Amino acid sequence: MANLADFKYTMESCNHCGQCKWILPARMKGWDFASVCPLHEFHGFDAYSGQGLIQIAKERLDGKLEYGDGLETLLYACPACGACDINCKSVRDMEVLDTIYALREDCVEAGYLPEPLRRTAANVEETHNIYGKPHSERFAWLPPDFRDDPEADTALFVGCSAYRYPDIALAAIRILRAGGVKFKLLREDEWCCGAPLWRTGQREAAEKLIRRNVDTFRRHGIQTVITACAECFGSFRGGYPRYADTEGLEFKHITQVAAELLSGGKLRLRKGDEPLRVTYHDPCMLGRLSEKYVPWDGEIRPYGLHVPEKVWRRGEHGVYEEPREILRALEGVELCEMTRNLEEALCCGAAARDVDPEFAAWTAAERRREAKAAGAQAIVSCCPFCRDALGSDGENALPYLDLTVLLAERLKEEA
Ligand code: SF4
Ligand code: SF4
């Protein structure tokens with residue numbers, strides 16, 4: 001059950017310093033690209049920020065605030081990108097994002113989950129994918145002659161996004177094949193990873209689905225789950241341990257596997273056709289939010305001393321280097337960096353598209369503006385939802401390239 005009281009310490013410790021809204025001062029190069037919270041930058045009020053949301057959580061805990069007057073729209077316009085959380089943690093030991101999640105659970109319990117998110121949840125329940133497409137078509141894009149290895153203890157989890165972007169799943173298959181990795185697909189046993197449920201505060205439904213997925217991995221004898229979707233990856237690592245025992249299961253993103261294969265000399269690449277200057281966008285769920293969640297149950301003593309010691313997720317152990325290693329391995333590709341990168345990357349805004357489309361479109365355009373300012377001819381990333389946002393038409397349009405697809409196209413071997 002939602003328990004806002006678990007985050008009372010965070011609510012009471014916020015000193016309104018504002019660090020959750022800005023990149024670290026030492027990295028600031030001026031006002032432009034200094035904001036790390038797109039919600040605050042767009043809406044311009046403190047309520048629309050990590051600082052504001054934990055204040056709202058406190059008001060709810062104290063019984064001073066009700067939903068039903070737009071509060072829920074504000075709460076779900078936030079894409080839960082976690083930049084506020086890791087930036088606050090650069091100066092304090094607090095749980096800003098987990099407080100936002102608890103507030104969402106509170107909102108769901110109060111019956112105010114916004115309608116578009118209800119529809120997505122109903123799709124997941126009825127069809128096991130976010131789009132409401134027939135479950136039987138989850139792998140409809142597989143070539144008829146495709147054969148996996150039924151004895152493998154590694155699964156490739158393609159995610160719901162394979163309905164819309166089968167090229168990413170096919171590219172992941174080509175990379176694994178070329179590298180000699182034995183794997184299997186779970187076919188009709190693969191269901192949504194559950195990110196759209198737990199990240200929106202739908203605890204009960206999330207728990208049921210996540211436990212079911214973990215049981216399925218074990219039933220298939222899986223020890224390693226590889227996914228080409230950043231959202232699934234962040235969900236497995238940062239979400240699953242909140243709801244299920246994942247002991248003995250290893251989760252990897254395809255870029256980690258590909259970087260390993262490249263450094264081991266197992267992938268042979270051909271040259272590109274034209275030189276290309278690209279920038280890399282760190283997806284939130286592959287970067288700062290992909291650190292493993294370690295449950296903690298203890299006592300918070302004076303001065304914030306957590307006993308027993310707590311494992312803090314500060315964002316520095318996300319998957320940042322491997323995608324860049326892959327880009328550096330592609331001859332003719334030049335990598336340039338945006339000001340806001342690694343754990344301080346600006347979110348693409350995709351998660352806000354259903355609830356606050358104007359803000360979501362602005363955020364994607366702002367990220368593309370930053371890419372252009374870095375001198376990039378194209379923006380590269382490896383999350384299907386970032387592809388939805390950054391690859392869309394609109395202000396500052398820029399070619400978007402998926403890293404998994406880009407790498408697969410450069411493979412010499414035919415898989
Ligand atoms: S950085 Fe942390 S302490 Fe400072 S205003 Fe934001 S939430 Fe509060
Ligand atoms: S999660 Fe992201 S958008 Fe939401 S308040 Fe924090 S920094 Fe802003």
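# A guided tour, starting at the three-stranded sheet

Select β1, β2 and β3: these three strands make an open sheet in the order β1-β2-β3, and their pairing is parallel. Colour β1 (154-157) and β3 (250-253) as the edges, since each of them pairs on one side only. Look along the sheet: from one strand to the next, the twist averages 25°. Keep in mind that this is a predicted model.

**Stop 1**

Zoom in on β1 and strand β2 (residues 224-227). They pair in the parallel sense over four bridges. Select Phe157 and look across to β2. Its bridge partner there is Thr227. Now pick Leu156; its bridge partner in β2 is Ile226.

Which residue of β3 is the bridge partner of Thr224? Select Glu250: this is the partner of Thr224 in β3.

Strands of a sheet pair through backbone hydrogen bonds, either parallel or antiparallel. Show the backbone for this step.

Together, β2, α11 and β3 make a β-α-β unit, and the unit is right-handed.

**Stop 1**

How many residues of domain 1 are in contact with domain 2? Seven residues of domain 1 are, and they meet five residues of domain 2. On the side of domain 1 that touches domain 2, five residues are nonpolar, none is polar and two are charged.

**Stop 2: ligand 1**

Centre the view on ligand 1. There are 14 residues around it, and Cys14, Cys17, Gln19, Cys20 and Cys88 come nearest. Which helix gives the most to the shell around ligand 1? Select helix α3 (residues 50-61), which contributes three residues. Colour the shell around ligand 1 by class: seven residues are nonpolar, six are polar and one is charged.

**Stop 3: ligand 2**

Now centre on ligand 2, which 15 residues surround. Select the closest of them: Cys37, Leu39, Cys78, Cys81 and Cys84. Then show α2 (38-43), α3 and α5 (83-88), each of which supplies at least two residues of the shell around ligand 2. The largest share comes from α2, with three residues. By class, the shell around ligand 2 has eleven nonpolar and four polar residues, and no charged ones.

**Stop 4: the four-stranded sheet**

Select β7, β4, β8 and β9. In that order they form an open sheet, with parallel pairing. Why is one side of β7 (333-336) and of β9 (400-402) left without a neighbour in the sheet? Both strands stand at the edges and each has a single partner strand, so one side of each has no neighbour there. In this sheet the twist averages 40° from one strand to the next.

Zoom in on strand β4 (residues 276-280) and β7. They pair in the parallel sense over four bridges. Select Thr279 and look opposite, into β7: Cys336 stands there.

Finish with helix α16 (residues 403-410). It lies across β8 (378-381) and β9. Line up the view on β9: α16 runs at about 70° to this strand.

Technical notes. Residues numbered from 1 in each chain as written. Chains lettered and ligands numbered in written order. Predicted model: local features only at pLDDT ≥ 70, side-chain atom pairs only at ≥ 80, totals over all residues. Near = placed C-beta within 6 Å. Nonpolar A, V, L, I, M, F, W, Y, C, P; charged D, E, K, R; others polar. Pairing = 2+ DSSP bridges. Axes fitted to C-alpha atoms, helices over the stretch in contact; angles between N-to-C directions. Contact = placed C-beta atoms within 7 Å. Right-handed = clockwise from strand over helix to strand, strands pointing away.
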